[in-house]
Amino acid sequence: MELNLLTICYLIASVTFILGLKMLSNPVSARRGNLVAAFGMTVAIFATIFLYEDNGEKLHNYVWIFAGLIIGTIAGTLAAKKVKMTAMPEMVSLFNGMGGACAALISAAEFYHIYELHKDSPATAFAELATVGHYITIVAGAIIGTISYTGSIIAWGKLNGRIKDYSFNGQHIVNMFVLVLVIVAAVWAYQSTLGNILIPFMLIGFFALIYGVLFVMPIGGADMPVVISLLNSFTGVAAACGGFLYDNKAMLTGGILVGAAGTLLTILMCKAMNRSLTNVLIGSFGGGNKTTAVEGAAGPQGNYKEISLADAAMVMAYANRVMIVPGYGLAVAQAQHTCHELEKILEEKGVEVQYAIHPVAGRMPGHMNVLLAEADVSYDKLLEMETANDVFKTTDVVLILGANDVVNPAAKNDAQSPIYGMPILEVEQAKTVIVNKRSMKPGYAGIENDLFFQPKTSMLFGDAKKVLQDLCTEIKAV
Amino acid sequence: MESILNFISSNQQIIYIVILMIFVGIEVIGHVPSVLHTPLMSGANAIHGVVIIGAIIVMGKAETDNYLALGLGFLAVILGTLNVVGGFVVTDRMLEMFKKKKAS
């Protein structure tokens, strides 16, 4: 009876996972979708604790289980509540790493369990104790989980700037080699007798740890969201291995679902940035070093002109329509609130203010929407790229805040450019363009931007927040 | 070769689930707007936290005097819970902002 109840609980969980994901992919239902999945998860967890039976025996060690759950819940909630909006992707990466480590630990524990049962006969080969299929699920869970763990930690470190990009020549060959070592160790462990199996099993974990580090290390910090999404789907597969191991349908469906959806999401993210996944993984321009060197050698072409704060304020105060193009600079300067304030002041002067949001402005898809939403900017003021491109023709002033590559006309005009073919915001159609940047340094693609040298463009150097505050004061005085 | 065939036929139910889930996973998020990429990633991240179930089973099966197994399981339960709870809370925080935007 209770086992049937458990089956039903797992069924509910699986359905909520599917429904949750479905709802998450639509802006209207997204938040409810998240709650639906969370509900299913809670059902699955408590059903496991109270209803699960192993050969007719209930689970024990409740004290330990609840202690773990409580510690994890408190720490997880605190971490998730405290993190700043700009640091969200890092946090996701960290949580993903925890999931990967969890999957790896389960495999290790299961492996140890088999070892423990038969340790009285050290001459038995492991191959006699577990079928190939069973062994593969244990080992795959361990390997994938471990890679996901170290990979996510590196991705986390890169996003918050603790770890710098690092690559050397022939790194991909070294990576391949380490991956082969992982597999060799796995085969070796399977062939070993119980007496000497610990060393190869440790080696599997060791090489997998190293592979995770090497895998993420050369990829540019700007591509981290894509990598996190990929590692996310890895962890899904590792969780599914656990489901296979315990013949647990909730783990299996949840894991595979995330594995598949995560892979597709990774590809979609790449598409939004007009990159291919291979391109990201090999790190051709995300790493940026090579392109910077080549393009940087060409030096800045032509002259740019600067505009004073007072002039900029004047132009904007007397415009009919101002379009703000936010970018990474806005996020770094945490200037979203000041930006909203500027919008309000301009509107009081009768200026129509809108935001043009490039899908990959900032460093992750949707970054700008989240930031501006935090500052209470109204949803209908945010124009998607296609709409914005139609509106630019009738726009008087475009104010670019720390965006660069997403407005670089080279993506349309210059077939040699590494960002050629990327859809951009066609700001040059507007009457005037004011660019706020900290310096003339190129954006993350590491290339020059012709836009800055066009006659209708003027530069307004400085930290986005500072500049916006000054602009607000100036415009109020106009 | 034979062992592979045996493996497939003795696990066919699971293999069916795997294949169907792959299609469901792809189908379900096929039309996600790019604005939602990050929250969706975060939500999926929380869902694979279902691995916590495995951790609970490991923990609950361990002998009460087997400290290595208990330790491994305990750590796994903490990490898994972090993944689940943190994942859902972060996603909710991200989406909270979208909701507010819609309403205004």
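## Salt bridge and interface

In this predicted model, the side chains of A:Arg31 and B:Asp92 form a salt bridge, 2.9 Å from N to O (a side-chain nitrogen of Lys or Arg within 4 Å of a carboxyl oxygen of Asp or Glu). The interface of chain B and chain A has 1 salt bridge by this rule.

On the side of chain B that touches chain A, helices H2 (12-28), H3 (37-47), H4 (52-61) and H5 (67-103) of chain B each give two or more residues. H5(B) gives the most, with 33 residues. In total, 81 residues of chain B are in contact with 102 residues of chain A, contact being heavy atoms within 4.5 Å.

## Aromatic pairs

Over all chains there are 16 aromatic pairs (ring centres within 6.5 Å; planes under 30 degrees apart are stacked, over 60 edge-to-face, the rest tilted). The rings of A:Phe111 and A:Phe201 are stacked because their centres lie 3.5 Å apart and their planes at 10°. A:Phe111 is in helix H4 (residues 88-117) of chain A and A:Phe201 in helix H8 (residues 198-216) of chain A, so the pair ties together parts 90 residues apart in sequence.

A:Phe111, A:Phe126, A:Tyr135, A:Tyr190 and A:Phe201 form one aromatic cluster.

## Basis of the values

Residues are numbered from 1 along each chain as its sequence is written, and chains are lettered from A in the order in which they are written. Local features need pLDDT of at least 70, side-chain atom pairs count only at pLDDT 80 or more, and totals for chains, interfaces and linings use all residues, while side-chain values use heavy atoms, without hydrogens and water.

Note on methods
Helices (H or I, at least four residues) and strands (E, at least two) are DSSP runs, numbered from the N terminus. Rings of Phe, Tyr and Trp (its six-membered ring) pair if their centres lie within 6.5 Å; planes under 30 degrees apart count as stacked, over 60 as edge-to-face and the rest as tilted.
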